[in-house]
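Biologist: I would like to learn how to read a model like this one, feature by feature. Please start with the sheet.

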Amino acid sequence: MPDDPRADFAPVWLTCTECRGAVFSGFTRCLAHLGTDLERYVDRIGPGAVVDVRGTTISGELLDRLLAAVSDAPGHPVLGFARFDHVWFTGDARFQNVAFTHDVTFTHAQFDGYALFDGASFGQDAGFDQARFGRPALFRDAVSEGELHFVNARFEKRAWLGPLRTTDLRLDRARFEATAEVAVEAEIVRCQLTRFEGGANLRCCGSFVDAAQTTFGAASTIVGSEGVHILSDTPRGNWMPQLVSLQATDVSNLELADVDLRWCEFSGAHRLDQLRFAGRCPFNTPPRSWRWTQRQTLAEEYPWRGWDAGTRRDLNRLSPERLAALYRSLRKALEDSKNEAGAGDFYYGEMDARRHSSTTRWAERRILGLYWLLSGYGQRGGRALVALLVLIATVTVLLLTWGQPFGSAARLAVGAVVFRDDGTDLTEAGAWTVLVARFLGPVLLALAVLAVRARVKR
């Protein structure tokens, strides 16, 4: 037997006379050291037994014997309340199709062989906090009626966490040294401070996903999927996952596809301009009001504007300068993803934040204000066309005032905005009026064309 690789720990249970494993009731030794008493112990237990093997070193053969003793049918072990904390599994840990009817913990457990939990069902909470997986870990087609925790766990080889179903999947501070495949139907998926050093493919159904301070060391994806559910053929109505935070996360290796971003906090994320989008990734919109132009917005704009954010009252209130920088970075990301319409909305948000910033010079704010009024920063063609009509009407009225008949005045006003000159003799005031119209008209036409192009370009 090789030296025990586990860190020293102080057992809080009654220990075996030969090791730090937990003793069984009626015995003085742990499961690994029962010797001739093993048969007597196996005969005493059955399906649904309470098992406490904390601190024990368990081989693959010993585990198979234990699970066979608690099976209600071949290949279907049933365990009640189970404690596998600090257990060293020296061989393959074959927990396929095991039914855990109560809480089960594998805290600080070490798996030297394959960790096989395919088809396992957890009736209540299951914890693998600070566990170490030295070989591939498989949790395919697993179900947990409670929470499933891998906090501070370490996966040295590839991991398949799913497809699985649980209420709360916690991967906080876990370390995945190889590729992680996660497919989950859950209410919440937490991966704060998680390190996906080999990249990760997260397929989520109907989940709130928190990926703050997460490390994606290689190409990774967070994807919404209707195909994660494993117990029913009926798709969930709210299958699209809602990403709630990417704060302090380097997203240069990340792609989002079919993910709800309406309340996602991007502030503090690194390399946002390199974030990639695919499929449907809806952002927020302003409250329905005549005061606000309908467009895609970031959640961070809500506290800045004083809009009601509903349950997201924890959103940070950013300065206009930081909000503008946020919009600028994500605009570049949307442009690279060929989403020109979305990029245009974010350009609108960037310009609006600059216009309201106290660090923007007075003259620049006035220019931006005029740019907003006439064309919505080159994104609202309707405004430019209305301004063009107002210009034509104003020129017509002025020419009427200065002696031109109505038909001639209207013709001159329309011709002026497209650089047409029918040779009509004008007074000096009329000539200057037409000259101004010839300058402003093409500008407004160009703004209208620019706005239409921004909405339809792909």
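Modeller: Eight strands make up an open sheet with parallel pairing, in the order E2-E5-E9-E13-E17-E20-E23-E26. At its edges lie strand E2 (57-58) and strand E26 (215-216), each of which pairs on one side only. Strands (E, at least two residues) and helices (H or I, at least four) are DSSP runs numbered from the N terminus, and two strands pair if DSSP finds at least two bridges between them. The model is predicted: local features need pLDDT of at least 70, side-chain atom pairs count only at pLDDT 80 or more, and totals for chains, interfaces and linings use all residues. Residues are numbered from 1 along each chain as its sequence is written, and side-chain values use heavy atoms, with hydrogens and water left out.

Biologist: Which residue is the bridge partner of Phe 133 in E17?

Modeller: In a regular strand the side chains alternate between the two faces of the sheet. Here strand E13 (residues 132-133) runs parallel to strand E17 (residues 154-155), joined by two bridges. Phe 133 has Phe 155 as its bridge partner in E17.

Biologist: How many bridges pair E18 with strand E21?

Modeller: Five bridges, in the parallel sense, pair E18 with strand E21 (residues 180-185); Arg 165 is partnered there by Glu 185 of E21. Strand E18 (residues 159-165) is also joined by two bridges to strand E14 (residues 137-138), again running parallel, and Leu 138 has Trp 160 as partner. Strand E15 (residues 142-144) pairs with E18 in the parallel sense over two bridges, with Ala 142 facing Leu 164 as bridge partner.

Biologist: How do I read a cavity, and which residues line the largest cavity?

Modeller: Rolling a probe the size of a water molecule over the atoms shows where empty space is left. A cavity is a set of points on a 1 Å grid over the protein atoms alone where a 1.4 Å probe fits but cannot get out, and lining residues have an atom within 4 Å of a point. There is one cavity of 30 Å³ or more, with a volume of about 30 Å³. Its lining consists of Leu 31, Leu 38, Tyr 41, Val 42, Leu 62, Arg 65 and Leu 66.

Key: 1 Å grid on protein atoms, 1.4 Å probe; cavity = no way out; pocket = protein on both sides within 12 Å on 5 of 7 lines; lining within 4 Å. Points joined across faces, edges and corners; volume = space filled by probe spheres on them.
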